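Colleague: I would like to learn how to read this model. Could we take it feature by feature?

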Amino acid sequence: MPRKRKSDPSLYAWDEENMKAAVMAHLKDGMPIRTAATLHAVQKSTLSRYCKAYSASADKEQVAFHFTPCYDVKKVFSSEMEDSLESYILLSS
């Protein structure tokens, strides 16, 4: 039976300042993505995705660019539906 690798949660924990610094180091200073990712403690693939999104946005949008994940895209239920489902589950239990 193959062993399952334990994932390290510290690899996925990054904050907005680290991501912004890593993106700026790659795009403005010309640092390679792997080096910027290890220096600022973010994942290489995540940094690559944020670099592409930042460079694709216009100049005015770059000022207001958010370096945080947007989990609203992956939502299944709206907030109202979640509240009604929660109240139903609490009522039925």
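Modeller: Start with exposure. Buried means under 20% relative accessible area, exposed over 50%, and partly exposed in between, with a 1.4 Å probe and protein chains only. Tyr88 is exposed because its relative accessible area is 55%. Tyr88 sits in helix α5. This is a predicted model: local features need pLDDT of at least 70, side-chain atom pairs count only at pLDDT 80 or more, and totals for chains, interfaces and linings use all residues. Residues are numbered from 1 along each chain as its sequence is written, and side-chain values use heavy atoms, with hydrogens and water left out.

Colleague: How many helices and strands does the protein have?

Modeller: Both are DSSP runs, numbered from the N terminus: helices are H or I of at least four residues, strands E of at least two. Here there are five helices and zero strands. Along the sequence the pattern reads α-α-α-α-α.

Colleague: What is the radius of gyration of the protein?

Modeller: It is taken over C-alpha atoms, and the globule rule is 2.2 Å times the number of residues to the power 0.38. For a compact globule of 93 residues, that would be near 12 Å, but the protein has 19 Å. Along the principal axes, its C-alpha atoms fill a box of roughly 60 × 50 × 20 Å. Buried residues account for 19% of the 93 residues.

Colleague: Which residues form the nonpolar patch on the surface?

Modeller: Patch members have over 30% relative accessible area and no salt bridge; like charges are joined within 9 Å, nonpolar side chains (Val, Leu, Ile, Met, Phe, Trp, Tyr) within 5 Å. A salt bridge puts a side-chain nitrogen of Lys or Arg within 4 Å of a carboxyl oxygen of Asp or Glu. The nonpolar patch here consists of Val76, Phe77, Met81, Leu85, Tyr88 and Ile89. Together they have about 630 Å² of accessible area, by the Shrake-Rupley method with a 1.4 Å probe.

Colleague: And which residues form the negative surface patch?

Modeller: Glu80, Glu82, Asp83 and Glu86. Glu80 belongs to helix α5, residues 79-92. Glu80 counts as exposed because its relative accessibility is 59%.

Colleague: What is the phi of Ala41?

Modeller: Ala41 has a positive phi of about 60°, although it is not a glycine. Ala41 lies in the loop between α2 (33-40) and α3 (44-56). At 46% relative accessible area, Ala41 is partly exposed.

Colleague: How many Å apart in space are Leu27 and Ser55?

Modeller: Check sequence and space separately. Leu27 and Ser55 are 28 residues apart in sequence and 8.1 Å apart in space, C-alpha to C-alpha. Leu27 is in helix α1, residues 16-27, and is partly exposed at 34% relative accessibility.

Colleague: Where does His66 lie?

Modeller: In the loop between α4 (59-63) and α5. His66 is exposed, at 59% relative accessible area. His66 and Thr46 are 20 residues apart in sequence, with 14 Å between their C-alpha atoms.

How values were computed: Lys, Arg positive; Asp, Glu negative; His and termini not counted. Charge placed at Lys NZ, Arg CZ, Asp CG, Glu CD.
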